[in-house]
Amino acid sequence: MFKLWPFKGGLRLPSHKQASSLAPLQTMPLPKQLIYPLIQRNGSISQSLVKAGERVLKGQVLNSTEEWSIPPIHAASSGRVVGIQSFPLIHPSGMDGPCNVIEVDGLDESVEFNGFADYRTVEPQVLLDMIHQAGIVGLGGAAFPTAIKLDPPKPHRIDTLVLNGAECEPYITCDDSLLRHFSEEVLSGANILMHILGVNDCLLAVEDEMQESIAALETAQSNGDFRRIKIVPVPTLYPTGGERQLIQLLTGREVPAGGIPAEIGVVCHNVATAVAVHQAITDGEPLLSRIVTVTGQGVRNSQNLLARIGTPIAELIEVCGGYTDSVQRLIMGGPMMGVALPSDAMPVTKATNCILVAGQDEVIVDKQAMPCIRCGDCASVCPVELLPQQLYWHVRAEQLERAMEYHLPDCIECGCCDVVCPSHIPLAQHFRSAKTKVTRKEQEKAKADHARLRYDARNTRKLNEQMEKAEATKRKRELLTKMAENHKSG
Amino acid sequence: MLSILVALIPGIIALVWQFGPGVLVQIIIALIAGLLAEALVLIVRKRNPLPSLLDGSAAVTAVLLAVSLPPLVPWWATVFGVSFAIVFGKQLYGGLGYNPFNPAMVGYAVLLISFPRQMTAWLPPLEMASTTLSFSDCVSIIFHPHNALSFDGLTQATPLDLLKTQLGMETHLDEIQSARVFGGLSGKGWQWVNMGYMLGGLWLLRRGKIDWRIPLSFLSGLYLIAMFFFLFDSSLYPSPLFHWFSGATMLGAFFIATDPVTAATTPRGRLIYGALIGLLVYVIRSWGGYPDGLAFAVLLMNFAAPTIDHYTRPRVYGHGS
């Protein structure tokens with residue numbers, strides 16, 4: 001048995017996974033439209049490289065920058081660019097934003113993809129660039145650029161690659177489906193990632209309830225050269241799939257507060273990201289599609305779909321038999337950390353792991369929050385051992401400094417405290433908004449500091465100028481007196 | 001909150017069995033007074049009283065205070081105590097969740113200080129009672145205290161009372177404990193009441209309604225200090241088990257000290273909080289001015305709870321030890 005280091009707290013939640021995991025994985029037919037938001041992860045809007053009316057091929061880059069923090073986006077099929085239109089964005093604010101829209105022509109013509117026959121002969125730096133060019137980001141939901149994560153700052157020595165197949169949030173089964181259907185690609189991707197990082201150990205964590213996935217991986221492992229990869233069944237406990245929790249569980253190491261896993265020698269990637277890396281390196285194919293779980297009481301057939309990125313969510317729902325009468329709310333992600341979607345017109349993005357079409361019984365009814373009775377249940381389930389009720393106290397009183405003393409930034413917003421709170425207080429929501437306030441305050445402070453520096457510099461400059469001026473006048477006067485004296489005597 | 005009331009039932013049954021149905025009358029009076037006081041304050045505070053009345057916290061405060069009172073205490077004392085508990089102990093601080101002190105114990109302490117005679121007039125236990133009081137007898141005595149004159153031997157010192165006064169007169173412990181009111185683990189009647197509360201408390205623990213740390217550390221703290229002095233001089237200090245099953249020990253351990261609003265909240269803090277209540281109960285019983293010390297021990301530790309919390313914060317993930 002592999003030694004595990006269980007983290008504190010966590011919750012056993014009803015899984016609701018069977019509905020989608022039992023149905024076969026279906027490949028989505030070509031959509032009529034593909035939609036690509038131009039707004040990036042960091043909030044900047046990238047420049048479109050294509051013009052309205054232009055024909056694009058599958059795999060053609062639509063927008064790009066040199067920066068690794070903004071990987072390119074590729075057209076997932078061939079068609080004609082309609083232009084830039086406004087669509088609602090996946091954001092709690094429900095704002096609209098500019099999107100590139102492509103009318104799909106059905107030919108699915110592709111640019112030429114060229115991979116490496118043997119990645120082992122290629123320099124890691126070249127592979128990293130290829131991963132960036134392939135537009136690969138973390139497919140677990142956070143969509144962090146993979147190339148950056150694979151190129152940690154120099155002083156850190158990486159010894160372990162962790163592959164995250166612990167899909168702990170209820171309802172979501174896209175990774176389960178991926179592990180069953182693409183087990184060999186996962187392992188091959190792992191080998192490539194290990195080559196790039198220069199490590200010899202890979203821990204592939206899979207929830208112990210995903211027996212079929214574990215069996216599929218073991219079969220694939222015995223068929224190839226994957227000895228360095230260790231398949232580790234982990235307990236089904238929310239939030240085991242959180243990066244920091246998983247690293248702690250597997251290695252007993254804790255990521256320092258405010259730091260990154262590389263500081264403790266670990267790099268962690270989602271299993272779907274490993275498959276994307278395999279496809280990019282061996283086939284040269286950029287990230288064009290992903291598996292999306294469509295589930296919930298609000299949709300007729302729950303299942304996993306292999307969908308092209310950019311496909312409108314409405315088309316996914318249609319393939320799943322449409323909405324049922326009990327549909328209440330559309331959520332991207334799971335019930336714990338998902339974001340409510342204002343409309344099904346928005347597209348599948350690289351971060352879309354699950355569309356939860358919540359029915360009547362599945363929406364957490366916004367119950368009237370009662371006063372906190374300090375029962376401490378929240379503290380006992382917190383996986384980072386915060387004291388949510390005291391944090392809540394300070395956050396509500398807008399005592400952000402006290403909240404920082406109680407380690408507000410360490411909250412991972414998993415929502416365990418919300419679930420157990422007998423007073424139905426939306427704690428994680430309070431913490432999220434408090435974090436935003438802290439960030440805004442810090443930005444304001446930085447701005448103020450900057451302004452003060454400039455003001456001080458200006459004052460010094462003025463003072464210097466005045467002194468110089470006085471000096472010059474004095475010198476001039478002395479010179480004049482001297483000249484006058486010379487004149488007199490001469 | 002409902003489960004707390006349910007868990008009190010075994011203790012209340014033992015009280016009725018050993019000390020007559022007076023406690024039931026007190027519970028009814030306390031419930032009416034408590035809910036009325038809560039409703040009135042909320043109306044004055046311009047809040048909707050319904051959600052607060054339905055959350056059951058006022059009812060729990062009322063019942064906890066009622067079962068702590070001598071069963072035949074005059075009705076006005078109960079009404080005063082419960083109203084004070086709800087109005088001053090809870091609502092004036094902002095209501096449920098904002099009160100720093102356990103409201104039931106605030107009410108109890110105010111009554112004990114204001115009306116010491118009425119508050120120490122306990123009934124003899126079943127085995128020693130010369131008269132059996134019916135429900136209507138209790139009602140008549142509670143509402144017309146002078147009616148008590150028509151019954152014989154209505155009050156008797158509790159074992160803890162007797163211990164305090166007799167030890168003060170330098171009587172040997174063995175001699176004191178040979179008095180009829182002693183017997184079994186502690187005193188006749190009292191051991192059953194305490195066992196009833198313990199039973200209800202264990203059920204609450206099993207249901208996960210209360211945290212195990214406070215009852216465990218409270219009882220362990222009390223046991224250890226009692227054992228220390230018992231071994232030191234057993235002619236002066238009664239056994240740890242006597243303390244466990246006397247007075248309000250079990251009620252306090254499972255129902256009073258576990259009130260989450262006023263207790264310490266961190267895991268380690270709760271252990272410290274409970275243990276210190278146990279020690280204080282022993283100190284007040286042994287050397288203080290009152291025969292039992294639970295109310296004061298709990299109130300004193302309520303003061304200390306925020307400080308305990310501050311110094312017992314757990315280490316957060318990713319921060320060095």
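This is a predicted model: local features need pLDDT of at least 70, side-chain atom pairs count only at pLDDT 80 or more; totals for chains, interfaces and linings use all residues.

Biologist: How enclosed is helix H4 of chain A?

Modeller: H4 spans residues 174–181 of chain A, and six of its eight residues are buried, so the rest of the structure largely encloses it. The cut-off for buried is 20 or more other C-beta atoms within 10 Å of the residue's own.

Biologist: And which strands does H4(A) lie across?

Modeller: E12, E13 (303–308) and E16 of chain A. H4(A) runs at about 130° to E12(A).

Biologist: What sheet is that?

Modeller: E12, E13 and E16 belong to an open sheet of six strands in chain A, in the order E1-E13-E12-E16-E14-E15. The pairing is mixed. At the edges sit E1 (26–27) and E15 (339–341) of chain A, each pairing on one side only.

Biologist: Do E12 and E16 of chain A run parallel or antiparallel?

Modeller: Parallel, with three bridges between E12 (residues 289–295) and E16 (residues 354–358) of chain A. One pair to click on: Val294(A) has Ile355(A) in E16(A) as its bridge partner.

Biologist: How many bridges join E6 to E7 in chain A?

Modeller: Nine, between residues 79–88 in E6 and residues 96–104 in E7 of chain A. Val81(A) faces Ile102(A) in E7(A) there. On the E2(A) side, E7(A) has five bridges, also antiparallel. Ile35(A) stands opposite Val101(A) in that strand, E7(A).

Biologist: Why call E2(A) largely enclosed?

Modeller: Because four of its five residues are buried: the rest of the structure largely encloses E2(A).

Biologist: Now the domains. Where are the bounds in chain A?

Modeller: Domain 1 of chain A takes 18–29 + 117–319, and domain 2 takes 371–490. Their centres, over C-alpha atoms, are separated by 39 Å. Seven residues from domain 1 and six from domain 2 of chain A make the contact. By class, the domain 1 side has three nonpolar, three polar and one charged residues.

Biologist: Next, H11 of chain A. Which residues are buried?

Modeller: Pro388(A), Gln389(A), Gln390(A), Leu391(A), Tyr392(A) and Val395(A), in a helix covering residues 388–396.

Biologist: What covers the buried residues of H11(A)?

Modeller: The cover includes H10 (377–381), H12, H13 (416–420) and H14 (427–489) of chain A. Helix H17 (294–311) of chain B is also part of it. Just after H11(A), Glu398(A) has a positive phi of about 60°.

Biologist: Pick a residue in H12 of chain A.

Modeller: Ala403(A), in H12 (residues 400–405). Ala403(A) counts as buried because 26 C-beta neighbours fall inside 10 Å.

Biologist: What does Ala403(A) touch, beyond residues up to four places away in sequence?

Modeller: Leu391(A), His394(A), Val395(A), Leu408(A) and Ala434(A). Of these, Leu391(A) and Val395(A) are among the buried residues of H11(A). Cys354(A) is 49 residues from Ala403(A) along the chain, with 33 Å between their C-alpha atoms.

Biologist: Last one. How many residues does each chain give to the contact?

Modeller: 21 from chain A and 18 from chain B. The chain A side has twelve nonpolar, four polar and five charged residues.

Note on methods
Residues are numbered from 1 along each chain as its sequence is written. Chains are lettered from A and ligands numbered from 1 in the order in which they are written. Two strands pair if DSSP finds at least two bridges between them. Helices (H or I, at least four residues) and strands (E, at least two) are DSSP runs, numbered from the N terminus. Two residues are in contact if their C-beta atoms, placed from the backbone, lie within 7 Å. Ala, Val, Leu, Ile, Met, Phe, Trp, Tyr, Cys and Pro count as nonpolar, Asp, Glu, Lys and Arg as charged, and the others, Gly among them, as polar. A residue is buried if 20 or more other C-beta atoms lie within 10 Å of its own, exposed if 12 or fewer, and partly exposed in between; C-beta atoms are placed from the backbone. Domain bounds come from an automatic or database domain assignment. Axes are lines fitted to C-alpha atoms, for helices over the stretch in contact, and angles run from 0 to 180 degrees between N-to-C directions.
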